[in-house]
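Q: Please take a close look at one part of the model shown here.

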Amino acid sequence: MSEVARYSRRLVLGAGVAMAATVALGCSLGGPLGSAAFAADTVKLGVSIPAATHGFTGGIVWWANQAKAELEKAHPNLKITVKTASGAPEQANQLQDLVTVTKIDSLVIFPFESAALTQPVMQAKKKNVYVTVVDRGLTDPSAQDAYIAGDNTAFGRIPAEYIAKTYNGKANIVALRGIPTTLDNERWEAFTGVLKQYPDIKILDGKYANWNRDDAFKVTQDFLTRFKDIDVVWAADDDMAFGVLKAIEQAKRTDIKEVFGGAGSKTMVKTILDGSNPLIRADVSYSPKFIYDAIKMTAEARLKGDRLPATHIIPSALITKENAKEFYFPDSPY
Amino acid sequence: MSLHVAFDGITKEFGPVRVLHGVSFDLHPGRVHGLLGENGAGKSTLMKILAGYHAATSGTLSIDGEPVVFRTSRDAEKRGIVLIHQELSLADDLTVAQNMFLGHEIRRGWLLDDRAMRARAADALRQVGFERDPDTKVRDLIVAEKQLVEIAKAQLRNARLLIMDEPTASLTPSECDRLFGLIERLRRDGVTIVYISHKLDEVERITDEVIVMRDGRFVARAPTAETPRQRMATLMVGRELTDMFPDKHIPIRGPALGTPLMAVRGLTVPGWAEDVSFDLHPGEILGFAGLVGAGRTELFEGILGLRPRSGGTVEIEGRPVSLRTPRAAMRNGLTYLSEDRKGKGLHVTMGLRDNLTLMTLRHHARPLLSPASEERALEHAVASFGIRGNPQGTAASLSGGNQQKLAIAKFLEPDPRVFVLDEPTRGVDVGAKRDIYFLIARLAAEGRGVIVISSELIELIGLCHRVIVMRGRRVSATVPADRLSEEELIAHAIGTNAGTNIGTDIGTNARP
Amino acid sequence: MSAARSARRFDPHRFGPVVGLLLLLIVGTALNPDFATWDNLMNVLTRTAFIGIISIGMCFVIISGGIDLSVGSMAALIAGGMILLMNALAGSVGSPVAVVALGMLFALLLGGGFGLAHGYLITRGRIEPFIVTLGTLGIFRALLTWLADGGAITLDNDLSDAYGPVYYGSLLGIPVPVWVFLLVSVAGGILLNRTAFGRYVQAIGSNEQVARFAAVDVDRVKLLTYGLLGVCVGIATVLYVPRLGSASPTTGLLWELEAIAAVIVGGTSFKGGEGRIAGTVIGAVLLSVISNILNLTSIISVYLNAAVQGCVIIAVAFLQRRRP
């Protein structure tokens with residue numbers, strides 16, 4: 001039905017999904033841990049992330065727990081509490097619980113929305129919690145101690161540059177977009193911004209497919225009905241690229257030369273590595289692994305009593321057959 | 001102070017059905033009027049017009065000589081006219097005080113002034129002798145207390161004319177006495193009262209004059225003191241009883257002989273019926289009498305498995321049967337038509353055909369349902385039960401009497417050996433009543449056993465071969481045909497001093 | 001047949017959904033000539049098949065006065081479960097076709113089982129259907145997310161090739177899912193209008209007490225409506241899985257709302273008692289035609305897609321509204 005409904009539905013559904021995630025992560029998660037009686041050199045780190053509702057967030061949850069397992073093993077005086085939320089209000093509530101019940105002293109947060117979570121994070125910071133914000137920056141940067149993010153501009157810029165170069169500044173493109181958010185807008189503006197410089201590259205249309213395979217399939221089917229000559233599909237997400245490929249396969253269209261996904265999922269990277277699908281030749285990295293990096297950096301800095309640099313951008317890179325090996329993590333679900 | 005009300009040629013039609021045919025009479029200020037009439041005589045409809053719930057189709061209503069049209073009950077209340085409903089109209093989940101001010105809340109600015117409302121409610125309640133906290137939830141009150149709340153609420157609105165529809169239906173004798181005292185006091189205060197009741201002894205006791213209606217028409221009015229009860233009854237019914245009922249001496253095949261068609265022994269439905277035993281013979285019409293709450297309906301719901309039973313056995317044609325659901329009962333040759341026709345008897349929004357064949361769809365499935373076969377069943381039922389109305393309309397489009405005939409036809413479709421009818425003529429006009437009585441006699445003559453549960457004593461007396469009277473969950477007597485009389489039945493129904501509570505009707509219509 | 005019947009047949013409100021669909025078809029063709037092509041129409045019908053089949057089961061549940069919010073999650077879990085089973089069987093059972101057949105059987109059984117479990121909790125447990133299925137909505141999707149580790153469960157490649165024709169194949173030029181949709185619709189219509197079960201469903205929705213007093217085994221009929229819906233979800237999933245060959249936490253997202261909307265837009269009363277299978281089918285098609293048209297044009301800002309869909313749904317509901 002509607003994107004808006006879908007989005008809010010996704011949040012509602014998340015209630016169940018959050019439960020699932022909690023169950024899935026099992027006993028290892030632990031509840032509010034320990035007491036404050038331990039020495040000051042104990043670091044209690046809270047991690048607040050979105051629940052696993054699609055491949056990318058699934059990867060976020062997996063990498064967060066990976067970090068927890070590895071770091072707690074390496075540092076006995078480190079306690080990490082991972083909480084997943086299915087919407088901004090739930091995340092704000094969890095934040096309060098982390099501060100008042102779990103009594104964390106450090107926080108790594110992947111905010112659902114920038115604006116809605118700025119105040120709740122500010123409250124945490126006022127209680128002397130060291131705050132690392134991941135991926136989506138807060139509207140008031142003074143609420144955060146450090147900011148670690150993937151490069152959303154590059155997420156849109158790199159495929160645009162790649163397409164412009166590969167097709168010598170001349171191509172017909174259809175694009176799929178995610179869910180209407182600032183994140184999606186940043187990528188879209190970067191993508192269209194680059195291609196404006198190439199008068200012979202036409203973006204025929206861009207429609208939302210909600211970072212969802214099934215919607216991507218339907219939208220692509222209709223694009224194929226509507227446009228008889230397409231060179232490249234920018235799917236803007238590896239999950240969506242999957243649906244795109246199926247729709248092209250069904251329609252037996254041969255005009256399409258390439259499908260460009262995004263985020264560097266395990267299966268896509270493998271496909272590039274093996275060269276097993278002629279339509280998939282490149283991708284842009286935007287790995288959920290940055291949550292792992294953020295937790296690790298924060299925990300280690302805090303254990304030493306250091307501070308992190310105010311801003312740390314984890315660069316996105318073009319993945320091609322040559323460098324695909326570096327981006328392949330067979331154990332990650334994503 | 002007091003109100004003078006004049007009805008002049010009031011008619012009322014509900015769709016094609018005309019329920020009031022030009023009624024004209026006056027209500028005199030400061031008097032207590034007994035309004036008498038059978039079910040369907042039009043008393044309640046007329047009073048709802050007076051209280052602003054219905055609009056008259058034609059005719060004039062005048063208050064103190066001035067013609068008025070009430071669009072809502074609020075308009076009527078403004079003139080001091082309040083109807084206390086037969087089904088009490090209080091919201092269960094609100095408190096007494098909240099109910100009394102519902103729609104007339106006292107405000108202070110934007111907020112409700114609870115304190116003022118509570119104080120005024122308490123004041124009004126004290127006057128009617130209600131002794132509980134006005135913050136009590138209405139859900140927690142007994143019926144008599146709800147009645148008092150309704151009257152207190154009416155007084156809060158400065159009622160000058162109070163209409164009471166069957167107010168004593170669910171009251172104990174002492175509660176009745178208190179109510180009568182209150183009515184007397186209201187009258188002394190100059191309030192005009194219309195008192196609708198089937199209980200002629202009450203009418204005799206508290207009213208100044210009686211007004212009788214029949215079949216939607218005004219029949220007579222007379223000072224109460226000059227009208228003996230017998231005269232009231234004759235005016236209400238308007239014909240000799242013998243006309244209404246079929247000849248009871250249809251030869252029946254020896255009720256006392258052979259195996260009973262149905263034998264119930266020691267049946268207990270916890271909270272409703274205890275240790276009930278009776279036999280029903282082929283060709284017999286067995287009546288069940290008793291006050292509301294005596295457990296008659298619940299006994300049969302228990303037999304059908306709709307309420308838990310804690311003991312007792314049921315045999316049909318000599319075989320012990322275990323009836324857990326109405327379906328099991330039907331398979332064993334027993335069907336039950338509930339007193340609640342719209343709630344439990346018919347799907348009013350569905351068609352006649354779908355209603356009729358619901359219990360016997362298997363007969364019309366080969367294996368898919370055959371509309372033609374169902375249509376034949378309907379044609380047959382329409383002819384043999386005299387159902388009048390559009391056969392392709394919905395059940396709701398039929399008049400009450402024809403709905404009842406359809407319901408009877410429906411529950412006879414499975415061809416039961418034992419047929420139980422609960423209040424078979426409730427809300428049915430006189431003509432259809434007669435049809436139904438003759439139909440019941442015909443069913444018995446075919447050798448079925450028929451059980452009639454009724455609150456209309458005349459019906460039981462005119463129709464039944466035997467009447468079982470229940471009192472306080474138990475069988476208090478079994479009265480054979482030759483001893484059936486109102487006095488006898490009432491004596492057994494209330495247990496003691498039969499003389500004080502004689503009327504044409506010992507049950508009520510106010511079952512929830 | 002009879003006078004009133006034919007009178008009802010000429011009731012314009014009954015044709016609200018048809019009129020709405022026809023108008024949409026005209027608008028679609030006017031906006032983009034490619035809309036009226038055979039391929040596009042088959043695309044739309046094929047993708048309607050899942051929701052449509054579920055809607056037909058949902059129609060029975062809603063007519064009986066119930067509701068099932070879990071169908072989308074249920075489809076996702078069945079999809080995940082059957083893929084895992086087929087992948088596991090691929091080693092031991094030789095022929096991929098046999099594996100796929102077993103997987104399909106499993107999906108139908110699982111769907112029926114879930115549905116009966118709902119029915120059992122609702123009738124014997126005396127829990128509101130809204131609550132039961134809201135609960136399982138979370139449970140089913142959570143289980144799938146857990147099974148998939150938050151990612152996707154993907155069907156093995158050779159199985160995918162064997163299974164593909166169930167979605168991508170055609171018979172007489174009409175895609176397989178459309179045939180199945182048609183069959184389920186016809187069967188649903190017969191079941192509702194020409195069998196005792198269907199009549200009981202309507203009787204229960206119209207007034208449960210009356211049905212109970214009329215010797216209808218209310219609990220059993222209700223139980224079966226949920227079981228029937230479960231099987232419909234199973235069928236839909238059997239058709240869905242070969243499309244992408246995978247199940248993920250986004251599979252079947254919002255299907256429950258689409259299915260319920262299709263039923264109600266099609267003229268079934270949300271209160272129960274009265275409903276139409278043909279209307280439901282049209283309702284389901286109508287919903288996917290709207291988004292198809294929006295995809296085929298760009299005259300309306302993508303930000304407003306949801307608003308357009310909302311307006312069309314309300315307009316159609318208005319056309320088929322009941323007179324008071």
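How many residues does helix H15 of chain B have, and how far does it reach from its first C-alpha to its last?

A: The model is predicted, so local features need pLDDT of at least 70 and side-chain atom pairs pLDDT 80 or more, while totals for chains, interfaces and linings use all residues. Residues are numbered from 1 along each chain as written, chains are lettered from A and ligands numbered from 1 in written order, and side-chain values use heavy atoms, without hydrogens and water.

H15(B), residues 371–385, has 15 residues and reaches 21 Å, close to the 21 Å expected at 1.5 Å a residue (the expected span is 1.5 Å times one less than the number of residues; helices are DSSP runs of H or I, at least four residues). Its buried residues (under 20% relative accessible area, 1.4 Å probe, protein chains only) include B:Glu374, B:Glu375, B:Ala377, B:Leu378, B:Ala381 and B:Phe385. B:Ser373 is also buried. Residues three or four places apart in an α-helix point the same way, because there are 3.6 residues a turn. After H15(B) comes B:Gly386, with a positive phi near 65°.

Elsewhere in chain B, helix H5 (residues 143–156) packs with helix H6 (residues 173–188) at about 10°, axes 11 Å apart (axes are lines fitted to C-alpha atoms over the stretch in contact, and angles run from 0 to 180 degrees between N-to-C directions). The two are therefore roughly parallel, the term for angles under 35 degrees. In H5(B), B:Ala144, B:Leu148, B:Ile151 and B:Gln155 meet residues of H6(B), among them B:Leu179 and B:Leu182, contact being heavy atoms within 4.5 Å.

Definitions and conventions: Buried means under 20% relative accessible area, exposed over 50%, partly exposed in between (1.4 Å probe, protein chains only). Angles under 35 degrees count as roughly parallel, over 145 as roughly antiparallel, 65 to 115 as roughly perpendicular and the rest as oblique.
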